[in-house]
Amino acid sequence: MSVDARERACDQTSSDGTSADPAGGGGQAPGTGIEPPGGARAWLVWGVAVGVYFLAMFHRNGLGVAALEAQERFHVGPALLSVLPVVQLIVYVALQVPTGVMADRLGPRKTLLIGLAAMTVGVAMFALAPSIEVAITARVLIGLGDAVTFLNVIRLGALWFPRKQYALVSAFTGTIGGLGQVASVVPLSAALHQLGWTAAFLATGAVTGVMMLLVLLVVRDRPAGMRATAHHHAPVPVRVSLVEALRARGPRVGMASHVVLQAPYTMLAALWGYPFLVEGLGMAPAAAGLVLTVLGVATLWVSPVLGAFIGRFPRIRAVFGVGLGMVLSAGWIAIVAWPGGPPVALVIAHFTVACAAMAMAAPISFDFARDGIPAQRTGVASSLVNMSGFTAVVVTVLLAGMILESGAGFQAAFVPVTVTTVLGTAVFAALLRRYPRST
């Protein structure tokens, strides 16, 4: 029997997507028969790696705060301005499967260093960009670095922590990313006004460069005691990994839930939330920045608390996921259909739910992605889940910019995200109808 055949036999999953492993679905370290130990060393390695994700989220969402300054600097309208985050997100989405393969084959440490190098160069180029063309090129590099970050952080979680802690680690990862998003609102806005465009972005680029040194010194792909057996199996071909992930029901459910939970607020944070509050609702820039900051901070606790519960009671994933999808769908419908424009209170309430849903996306969506997938091949499954949510973000950000450019207003601009949320919730609920109770 070939190595690949033996591996497929050992890691075989049932047709309903559950793991054949009685221990619970691939939580064991590859080739060892035992789970990773966790502990202080694991938290240190993850802590440095998640710092990279903090910076990636800072760079990804910083353009939302700098949107109005970018319009003035590059002399562009809403449609062309939306190209900046859309190009970055397209690169992010397009690289998800290659990133998953890199995470499984090169290992998280090397891949994170590649991503940090790309982000450092991209941010420096963006700071000095004299034209929209150079700015777009810079966002491509930032998107490349961003694309390899999240998957490798949660990949480290799969390799360093036991299966029962995976949802919690994923939740903390999302929480730290949320902090990066918060840091891109008030602090970056203040830096842009006090230091100017070039100095503010060069400073963030310098911090990103320093993070490369920390990753080089601290991060390792797996616990030292498991290193000798980590490559016992030959690499699985990309096609086999994709088929395996798509046939397992867990990753498919994770893909649908990510569209519902992660995409709506990410679309707002990436570009259109801040302009909507300022230009659409007439809020002062400082007040709009404060609202987004408070929402980001106030919902950070949700993710780790939910992650801890999911580790003990996996069935609550479906309850929270579908429930939030229904509330988000109703909120978007109210915003786009409200005669004369929605009231500020409704918008802030909806933003609060959307921000909380985004915080819950990591422990729910990526924990579903682990169902039926061996720990050593979580990269491709997680990449498909991530790709689904960000594909929805790309579509909704770009369509919103085009609709705003036509003069139709923010209510019409939010119709696409309303449609993706409603349809995503329906698909999510349908996939859960026959989901194995054992998972």
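Helices here are DSSP runs of H or I with at least four residues, numbered from the N terminus. The model shown is predicted.

**View 1. Overall fold of the chain.** The chain contains 22 helices and zero strands. Of its 439 residues, 57% are buried. Among contacts between residues at least 6 apart in sequence, 85% join residues at least 24 apart. The accessible surface of the chain is about 16,400 Å², and carbon and sulfur atoms account for 69% of it.

**View 2. The largest nonpolar core.** This core comprises 119 residues. Phe201, Val215, Tyr265, Trp272, Phe351 and Phe414 are the residues with the most contacts inside it. Helix H2, spanning residues 40–65, gives the most to this core, with 14 residues. Another core, of eight residues, lies apart from it, and Val97, Ala245, Ala248 and Ile373 are among its members.

**View 3. Surroundings of Trp272.** Trp272 and Phe414 are both listed among the residues with the most contacts inside the largest nonpolar core.

**View 4. A nonpolar patch on the surface.** The patch is formed by Trp301, Val305, Phe309 and Phe313, which together have about 430 Å² of accessible area. Phe309 belongs to helix H17, which covers residues 302–312. Phe309 counts as partly exposed because its relative accessibility is 45%, and partly exposed residues fall between the limits of 20% for buried and 50% for exposed.

Definitions and conventions: Residues numbered from 1 in each chain as written. Predicted model: local features only at pLDDT ≥ 70, side-chain atom pairs only at ≥ 80, totals over all residues. Heavy atoms only, no water. Core = buried A, V, L, I, M, F, W, Y, C linked by side-chain atoms within 4.5 Å. Buried < 20%, exposed > 50% of the residue type's maximum accessible area, 1.4 Å probe, protein only. Helix = DSSP H or I, 4+ residues; strand = E, 2+ residues; numbered from the N terminus. Contact = heavy atoms within 4.5 Å. Areas by Shrake-Rupley, 256 points an atom, 1.4 Å probe, with all protein chains shown as cover. Patch = residues over 30% accessible without salt bridge, like charges linked within 9 Å, V, L, I, M, F, W, Y side chains within 5 Å. Salt bridge = Lys/Arg side-chain N within 4 Å of Asp/Glu carboxyl O.
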